[in-house]
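Please read this report alongside the sequence and the 3D view.

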Amino acid sequence: VAARENIAWSVDLDMRNEDKINSCNAPKGIYGVVGGNSMVADESVPIWNASTQTLEFGVASPHYKSDGQVARGFYEMQLNEQVAKCLWGTKVTPANVSLSVLDENGDSKVATAAISVKNGMVIFRATGFTYSSTKLSVSLKKLVCVKNGLTKNQPKGKTTCPKGWKKKQ
């Protein structure tokens with residue numbers, strides 16, 4: 001339970017893992033911005049996990065607000081489209097990327113998660129989840145194509161089916 005609630009916070013990021021994002025040949029300027037209402041966030045920039053092909057970041061706050069109500073979280077990250085493309089090796093769109101909100105055991109939490117693209121930034125937004133400790137994970141969706149009753153999994157990063165095949169709904 002939170003003892004009190006603050007309206008404004010200040011954050012300093014540990015840039016130890018900056019090289020994982022700087023390995024991309026993105027233009028100079030803003031790679032991304034993050035915001036939310038958690039009391040604690042991972043101390044470094046969101047980390048690209050090459051083995052799981054996910055961008056992972058954690059947030060945490062007391063489960064209950066100071067008035068005893070359950071604390072509901074919101075988090076938004078905006079990532080430069082070119083950095084996102086470099087990390088995943090494909091153009092990142094709402095159709096081919098998913099955002100998951102996970103608890104400390106890796107199980108899905110109830111939340112509203114949305115992805116959009118605006119002004120050269122990919123926007124990942126999660127709201128309505130409960131705190132204690134939460135991990136947000138962004139990954140490519142698997143594209144499954146069908147033709148005459150056959151199914152075919154497209155490699156990660158592919159956004160279209162081969163000629164004559166249709167996207168499985």
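N119 is exposed, with a relative accessible area of 72%. Exposed means over 50% relative accessible area, buried under 20%, and partly exposed in between, with a 1.4 Å probe and protein chains only. The model is predicted: local features need pLDDT of at least 70, side-chain atom pairs count only at pLDDT 80 or more, and totals for chains, interfaces and linings use all residues. Residues are numbered from 1 along each chain as its sequence is written, and side-chain values use heavy atoms, with hydrogens and water left out.

N119 sits in the loop between β7 (112-118) and β8. Its phi is positive, near 50°, and N119 is not a glycine. N148 also has a positive phi, of about 50°, without being a glycine. N148 is in the loop between β10 and β11. It is exposed, at 73% relative accessible area.

## Overall fold

The protein chain has two helices and 12 strands. Both kinds of element are DSSP runs, numbered from the N terminus: helices are H or I with at least four residues, strands are E with at least two. From the N terminus, the order is α-β-β-β-β-β-α-β-β-β-β-β-β-β.

Of the 169 residues in the protein chain, 34% count as buried. Contacts (heavy atoms within 4.5 Å) reach across the sequence. Among those with a separation of 6 or more, 64% join residues 24 or more positions apart.

## The nonpolar core

The largest nonpolar core has 24 residues. Such a core is a set of buried Ala, Val, Leu, Ile, Met, Phe, Trp, Tyr and Cys residues joined through side-chain atoms within 4.5 Å. L55, W88, F124, L136 and V138 have the most contacts inside the largest core. Two or more residues each come from β4 (54-60), β5 (72-80), α2 (81-88), β6 (97-103), β8 (121-130) and β9.

A126 lies in strand β8. It is buried, with 0% relative accessible area. Leaving out residues up to four places away in sequence, A126 touches G73, F74, Y75, L99, V101, T112, A113 and L136. S137 belongs to strand β9 (residues 133-140). S137 is buried too, at 8%. With residues up to four places away again left out, S137 touches T54, L55, E56, S98, L99, S100 and L102.

## Helix α2

Which residues of α2 are buried? They are V83, A84, L87 and W88. Viewed down the axis of α2, the buried residues fall within an arc of 120°, so they line one face of the helix. That arc is taken from the directions from the helix axis to the C-beta atoms.

Both ends of α2 have a feature to check. At the start, a side-chain oxygen of N80 comes to within 2.7 Å of the backbone nitrogen of Q82. After α2 comes G89, with a positive phi near 75°.

## The disulfide

The count of disulfides (cysteine sulfur atoms within 2.5 Å) is one. C145 and C161 form it, with their sulfur atoms 2.1 Å apart. The pair links distant parts of the chain, 16 residues apart. C145 is in strand β10 (residues 144-147), while C161 is in the loop between β11 (150-153) and β12 (166-167).

The torsion about the S-S bond of C145 and C161 is about -90°, so the disulfide is left-handed. C145 is buried, with a relative accessible area of 0%.

## The aromatic pair

A pair of aromatic rings is described by the distance of the centres and the angle of the planes. Rings of Phe, Tyr and Trp (its six-membered ring) pair if their centres lie within 6.5 Å; planes under 30 degrees apart are stacked, over 60 edge-to-face, and the rest tilted.

The structure holds one aromatic pair. The ring centres of F129 and Y131 are 5.4 Å apart and the planes are at 80°, so the pair is edge-to-face. F129 is buried, at 0% relative accessibility. Y131 is buried as well, at 3%.

Technical notes
A polar contact is a pair of N or O atoms within 3.5 Å; within protein, one must be able to donate a hydrogen and the other to accept it, and residues adjacent in sequence count only if both atoms are side-chain atoms.
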